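Visitor: Please take me through one part of this structure closely. I would like to begin with a single residue and its surroundings.

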Amino acid sequence: MMTIPERYRIPIVALVAVVLVVAAGGAIVLVGGGGPAPSSSPSASLAPSPSDPGATPESAVRAFFDAYSQARKTDDPSLVVPFVTSTSSSAYLSAAGFLNGEKAVGKASITTVLRLDNMQTVLSGTSASVSFDYTEGGYDISATTGMALETPTVLAPRRVVAQVHQVGGRWLVDDYTATPEASST
């Protein structure tokens, strides 16, 4: 077994850590993770710009699930507050319940795949129902060390229906439900 002089141990460990981070990032990019993928949307609205996440029902839903994905890194439900009708809404309470449960057991998670495909919107005045196929992937990490607790996994797509309401000129998520299977289209 080779003995490494004490003065070289920290730089070697740092170099190995950098190589592992770069390799993991490259693997995520090659597998297709790293953010939302383009989706087809039968609705008339264009894809939202990040600066206007509540302009359409679809952009509100995308912004909510993106914020939820970001919140999972730190188990911080306040990140979804700008995208829900209130902190007493079902959407907020579901997200906060999950995040607080993860925090209670010392886990957080990294999202490597987040896709909302086949969006369909039904408008009814200042309310809308947005249905879509939801695919997510990632892995759990230790909330204290940030170290991976498992290998990345992509879950099977599920069909989600989100209820959104227009409040003060912005669309916000009020509720969402998921079924076990995505649409067949």
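Guide: Leaving aside neighbours within four places in sequence, Ala178 is in contact with Arg158, Arg159 and Val160. Contact means heavy atoms within 4.5 Å. This is a predicted model: local features need pLDDT of at least 70, side-chain atom pairs count only at pLDDT 80 or more, and totals for chains, interfaces and linings use all residues. Residues are numbered from 1 along each chain as its sequence is written, and side-chain values use heavy atoms, with hydrogens and water left out.

Ala178 sits in strand β6. Strands are DSSP runs of E, at least two residues, numbered from the N terminus; helices are runs of H or I, at least four. Ala178 is partly exposed, because its relative accessible area is 46%. Buried means under 20%, exposed over 50%, and partly exposed in between (1.4 Å probe, protein chains only). Ala178 and Tyr134 are 44 residues apart in sequence, yet 8.7 Å apart in space, C-alpha to C-alpha.

Not counting residues up to four places away in sequence, Phe65 touches Leu114, Leu116, Phe132, Tyr134, Val160 and Tyr176. So what does Phe65 belong to? Phe65 is in the largest nonpolar core, which has 29 residues. Such a core is a set of buried Ala, Val, Leu, Ile, Met, Phe, Trp, Tyr and Cys residues joined through side-chain atoms within 4.5 Å. Val61, Phe64, Phe65, Leu116, Phe132 and Tyr176 touch the most other members. Strand β6 (170-179) is among the elements that each supply at least two residues of this core. The largest share, eight residues, comes from α2.
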